[in-house]
Amino acid sequence: MILRRPVFWLILIFAALMAFIPFHANDVSMREDLILVALAVILASNLNLMIGYTGYVNFGHIVFYGLGGYVGLYLATVRNWNLVLAALAAGLVVSLFALALGMGILRLRGAYFALATIGVLLAVQSFVANFDPWGRSTGMYVDFSAYQRLGGARHALWMTYFLVIGVMALSMILSLGIKISKFGLGLFAIREDEDAAVVLGVNTTVFKAIIYSVSAFLPAVAGALMFYKNGMIDPSIAFEFMLSLEGIVMLMLGGKGTVVGAALGGGLYEKLRSYLLTSPKLSNFQLVIAGALLLLVVLFAPGGLIGWLYRLVPRARKVIE
Amino acid sequence: MKRLALPIFLVVALFVTTGFAQNLTLGFTVSNTGALNVDSVEQLHGFELWRDQVNAAGGIKAGGKSYKIQFVSYDDESNTKRVQQLYSRLILQDKADFLFSPYSSSLTATAAIVTEQYEKIMLTTGAAEGKTYTLGNHYLFQMFTPGAEYLKGVLDMLKTKDPKAAVAFVYEDASFSVAVVNPAKEYAQKLGFNVAFSEAYAPNTTDFSAIIDKVIASKSTVLLGGGHYADGSTLARQVYSHKVPLKMITLLVAPDSPQWGELGDAAVGVIVPSQWEPQTAFKAQYGPSGAEFAKAYTAKYNTPPSYESAGGYASGLVLQHAIEQAGSTDTAKVAAALNATDITTFYGRSKFATEANQHGLQVGHAMVLAQWQKDKSGKLVKQVVWPLAAKSANLVYPIH
């Protein structure tokens, strides 16, 4: 039972605090900082389903986020759908797309799969850059009046913030739910030895396609919300390869394969980048410092922060999953 | 008591000086890292020169007070992801009174959502895309001529020289260049030109040979397009090495950079639509003349100003003019003054649309065309060739 897991309650408390503190203090700066933290947690947690749980490195994970942004923005602005419905529809469409795609490319393994994911990213980006209804390479813009329907930009941005926090909590709960399920065990079996998993009766192709599709849903919803909040989307912003790589770095930092590790890595990485960027003394060296820190983590704590914690306090394994 | 005298004096002095020294905080983000770095930093240099000159002259004088300018800025990494976070911070934590936009249209569009929300004036510079202004804003004011106008002058000029030219459009598949080329294609057809070829290439393209072969096969005589520096300079180099028989080449943005001259013979004859060139002789009603600006800029940064730098400086001037006209730093009053602005500075005319459906769009400023030509000593220089009233040399046509 998921409800008996202490981490489940920790996730809820964490999300509630993240939603409550900036709202209570009416601190928009803090909200803007935290929404990027939440986004990092969402991306890292869902990427963890592929990399950490299944052992398949997905370099093109950001494609779900970008496509979700496009579908969501199209429905919300051109078709005038309600934002929440548009975001959910975006998640669904992108998940189905991932499922169909996954049945094909997930027959590949190891480096070949990783290469194929980069191919998917580039192909989707080129398609979108030539797709008329989505504005080709100039992208789509949100009319300022669209925010009026949600009670003005101020109100609309708070609303998207709460929704993104909700998606963040769901991402972590989803990670936990899969981890403790039989389906999760199947994924772990694939990660450890795919051939052995087949022999044990795990339908690996279907399992992999399902997890690929599931890992697409929440990032797509988050994409719809974030690009709506940003007011515009174009292919170079939506499908940024760098963000895909950053997702992998976040996982390494926190500890792949764990629920808390993925979230912690995402949150810390974003906080660190954001701090270095705005610090008057360090801003010129921000990339150097971020790079050096990551190198240290990889060298001295290869299991990420959570792996390091497990080594230090072996009992922590039971509480912090 | 004596021992306390000095601290008391210091505290009082501090209060007195902070109480009377009026500071005006301007906030913006700069792309210190990432793809937009070069252009964005040139724009920043324009802002800085303006600030230093205004402060050296005692600050902006409005309503009987003087305001010294101070800047707060952050690195946006050439990326929209962080722009809203940084602009919220500028407005709420750093208490910026007025804002300048980031460099590029997409970053500016994203920042505008936040600045509109807090009803802060943002002068947008380095952002030519016109769409943002049609979305119902109240506090945006565009300094650049909108993208749709970029290539119209070239076509007008071509019409006078060679109305039968066959035109090829080869351009970067990116937000800005597409926004420029699409209206230009329509305009070319309207003028009766034969648009013989049109193809967009992916950003970061380094091998243009396939496209160049198609241009040759289409028998085009004129090439229009490009995008940014890296692709534009590569395209020009490869067009030259393939010996494509073109009579005219016009590329966006890249040939405006002083670095362009380093391409050698490949650079000769290439035309760039420019927001401003040092040779353009506008009679400034307000602020320095073009020559004075270029001289001060070159003395400070050891390089001649680009139009991004001029746009940056001019944004400062236009804001300063509006604050002086308003006699106050109150947002509503300054916005009203900006709406009423119609001035000519060294950068040319600045006037903003005031209709609700396109508020802030630049309607006064006109583009000039500059062509790279060899001077008498064989050195490559940029000459203004259009409009005829502002020209510094005659157009070289055909180039080969």
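Q: How many residues of domain 1 of chain B are in contact with domain 2 of chain B?
A: Contact means that two C-beta atoms, placed from the backbone, lie within 7 Å. By that test, 11 residues of domain 1 of chain B are in contact with 11 residues of domain 2 of chain B. The side of domain 1 that touches domain 2 has five nonpolar, five polar and one charged residue. Here Ala, Val, Leu, Ile, Met, Phe, Trp, Tyr, Cys and Pro count as nonpolar, Asp, Glu, Lys and Arg as charged, and the others, Gly among them, as polar. This is a predicted model, in which local features need pLDDT of at least 70 and side-chain atom pairs pLDDT 80 or more, while totals for chains, interfaces and linings use all residues. Residues are numbered from 1 along each chain as its sequence is written, and chains are lettered from A and ligands numbered from 1 in the order in which they are written.

Q: Where do the bounds of domain 1 and domain 2 of chain B lie?
A: Domain 1 takes 2–145 + 281–358, and domain 2 takes 149–274 + 367–390. These bounds come from an automatic or database domain assignment. The two domain centres, taken over C-alpha atoms, are 32 Å apart.

Q: What makes the span of helix α10 of chain B agree with its number of residues?
A: Helices (H or I, at least four residues) and strands (E, at least two) are DSSP runs, numbered from the N terminus. The expected span is 1.5 Å times one less than the number of residues. For the 20 residues of α10(B), 307–326, that gives 28 Å, and the end C-alpha atoms are 28 Å apart, so the two agree.

Q: How many residues of α10(B) are buried?
A: 18 of its 20 residues are buried, so α10(B) is mostly covered. Just after α10(B), Gly327(B) takes a positive phi of about 65 degrees.

Q: What makes strands β7 and β8 of chain B a pair?
A: Two strands pair if DSSP finds at least two bridges between them. β7(B) (166–172) and β8(B) (194–201) have seven bridges, in the parallel sense. Ala168(B) stands opposite Phe197(B) in β8(B).

Q: What is the sense of the pairing between β11(B) and β14(B)?
A: Strand β11 (271–274) and strand β14 (368–374) of chain B run antiparallel and are joined by four bridges. Val272(B) has Ala370(B) as its bridge partner in β14(B).

Q: Which residue is joined to Pro387(B) by a cis peptide bond?
A: Trp386(B) is, with omega about 0 degrees. Pro387(B) is found in the segment after β15 (380–386) of chain B.

Notes. A residue is buried if 20 or more other C-beta atoms lie within 10 Å of its own, exposed if 12 or fewer, and partly exposed in between; C-beta atoms are placed from the backbone.
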